[in-house]
Amino acid sequence: MASLAAAETADTIFINGQIYTVDESYPWVEALAVSDGKLVLVGSNKAALQLAGSDTEVVDLGGAFMMPGIQENHVHASSAGATILPYANRATFPPESTPEEIRQTLLDYAEASPGDGWIWGQQWDPSFFEDGRARKDFLDDIFPDRPVYLVDSSAHNAVVNSKALELAGITSDTPQPETGVIEMDSNSGEPTGFLAEMGLFPVGSIQTHPDVLLWKKAILESQEILHGFGITAITDAAVSREAIMAWAELAEEDKVRLRVDTALIMNDYFGEEARAQETLTLLPDLQSRLIDPFTVKWGADGTPLTKTSKMLEPYEGTNEYGILTISENMMNQMRENMRDGYKMMAHSIGDGTTKLVLDMIEEGRESYLAFDAVAQIAHPLWVTPEDMDRMARLNVVADMSPPVYFRFPTGDLYDPLLGPDRAAARAQIAEMLRRGVTVSYGSDWPASAPSANPFRNMEAMITRENPDDPDYPGGPLGEGVGLEDVIRIFTINGAYSMEHDDITGSIEVGKFADLVVLDQNPFELVEAGRTRNIGKISAVMTVFEGEIVFDAR
């Protein structure tokens, strides 16, 4: 048991719980006491109730399981995804939509928003299309004269129709971008309408940026969704200037109930690069107690599906190793960010890309005293053992986002590109942990993730099986991780990656009371052989700095 001054009166006391602290000194306790948003006692019912005063709220957990709040190290809470699309007048459809359902959604949208203006929308699932690529003929027959631009579920690729190609000036003579793909038909030489990475720029840069007010509406909706899953801290990965300003304004208005790291997108896919350099100068004025804006995000590669991930061995049946999505000029800017002491997030999937990123981080650690912050690699699916060791040595967190660690239709498209054995060797989380790598969790919602639900992803990290389909062909995708390690990944490791593990991420006296109560105890489920039920767990209550921000009781 641990406590502060025994004479202190608590604001809130939680008793009769199965409370897992993620603190090795006392992993299980039955009660907590909270004062001014912080934990002043972690221990027994008797000791906690001694801190009760006339105004103290006593919450009887009735034997329910409580743990630290989820630390979501990679989510797109403010992105042009699940929440902002309706506000920004975009067409949206869930990734499980079939091509015909997508077409009907677009027709319905066009009827509700008539005219000849652009139709922007997302998220189509590559597994529904040949080679994982939708092409312009999918759209041309229903929209011959109105431009359409649809992003896929990864947000790295898009399909446009012929009218959009025309307005963007993309023709058979358009050169291939150094760091992306504008697909050309192998027979006619004409653009197919499929675009990837920097290939998005000619069309994506035409988009207007939603204003700060729209971002604020979207963020508040996302915050409510995240609270419903027990999430109390996030890295909002790949944000625009307007989104950071929205977070800052909401914090000033006292409407933020999350700890937030914002990761400013630096790549030029949507005309952001020049703006991003200017935005860096604004960040000190946007910082607050809950908003840390000093993370930059670089997309060093894309996805193997478009061979925009650099591999150390060639793609199956080819002499191609893939490409990077970061140019030499961008790498120099990344070095400048290191020199200036920013926290670094790099999207890097291929083992060749990750080797390059680690080379740069190692160079930065040796060259710049200011570059001492945690660095983060998002989605390092293929990493050599030697580079795992480097990640541990260089204090580089592996941000592992589902569904990369179980089999699912889009993931199956890796097999012909990389060979079944290499495709199945992705996301070696257990081996990373053995080698001392700090692994964190991020849902990547809404990109490639149907939900921000962390519990289905906990289950998948343990079983390495598809949490939505226990009979999915192929069985487990590699070695699972034990529950204690998984909970650390979802809590204290995420807090470490966001550099606030001194104040949250575990249940310890002096830390903020950022907590979640669940309707089932995951340890009991594992012990009973019901690991498959972890994905069915629900949050009952979410507490942020002692305040109940979600309550399903």
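## Charges over aromatic rings

Arginine 365 lies over the face of phenylalanine 371, 4.4 Å from the ring centre. Lysine 38 is placed likewise over phenylalanine 512, at 5.0 Å from the ring centre. A charge sits over a ring if NZ of Lys or CZ of Arg is within 6 Å of the ring centre and within 35 degrees of the ring normal.

This is a predicted model, in which local features need pLDDT of at least 70 and side-chain atom pairs count only at pLDDT 80 or more, while totals for chains, interfaces and linings use all residues. Residues are numbered from 1 along each chain as its sequence is written, and side-chain values use heavy atoms, with hydrogens and water left out.

## Aromatic pairs

The count of aromatic pairs comes to 14; rings of Phe, Tyr and Trp (its six-membered ring) pair if their centres lie within 6.5 Å, with planes under 30 degrees apart counted as stacked, over 60 as edge-to-face and the rest as tilted. The rings of tryptophan 28 and phenylalanine 523 have centres 5.2 Å apart and planes at 70°, so the pair is edge-to-face. Because tryptophan 28 lies in strand β4 and phenylalanine 523 in helix α21 (residues 522–527), the pair ties together parts 495 residues apart in sequence. Helices (H or I, at least four residues) and strands (E, at least two) are DSSP runs, numbered from the N terminus.

Tryptophan 28 is partly exposed at 40% relative accessibility, whereas phenylalanine 523 is buried at 17%. Buried means under 20% relative accessible area, exposed over 50%, and partly exposed in between (1.4 Å probe, protein chains only). Tyr20, Trp28, Phe65 and Phe523 form one aromatic cluster.

## The open sheet

Six strands form an open sheet of mixed pairing, in the order β4-β3-β8-β23-β24-β25. Its edge strands, β4 (28–29) and β25 (547–551), each pair on one side only. Two strands pair if DSSP finds at least two bridges between them. Strand β3 (residues 18–20) pairs with β4 in the antiparallel sense over two bridges, and isoleucine 19 has valine 29 in β4 as its bridge partner.

## Serine 506

Serine 506 is in the loop between α20 (492–497) and β23 (515–518), and counts as buried at 2% relative accessibility. Its side chain makes polar contacts (N or O atoms within 3.5 Å; within protein, one must be able to donate a hydrogen and the other to accept it, and residues adjacent in sequence count only if both atoms are side-chain atoms). The partners are the side chains of glutamate 508 (2.6 Å) and lysine 511 (2.6 Å).
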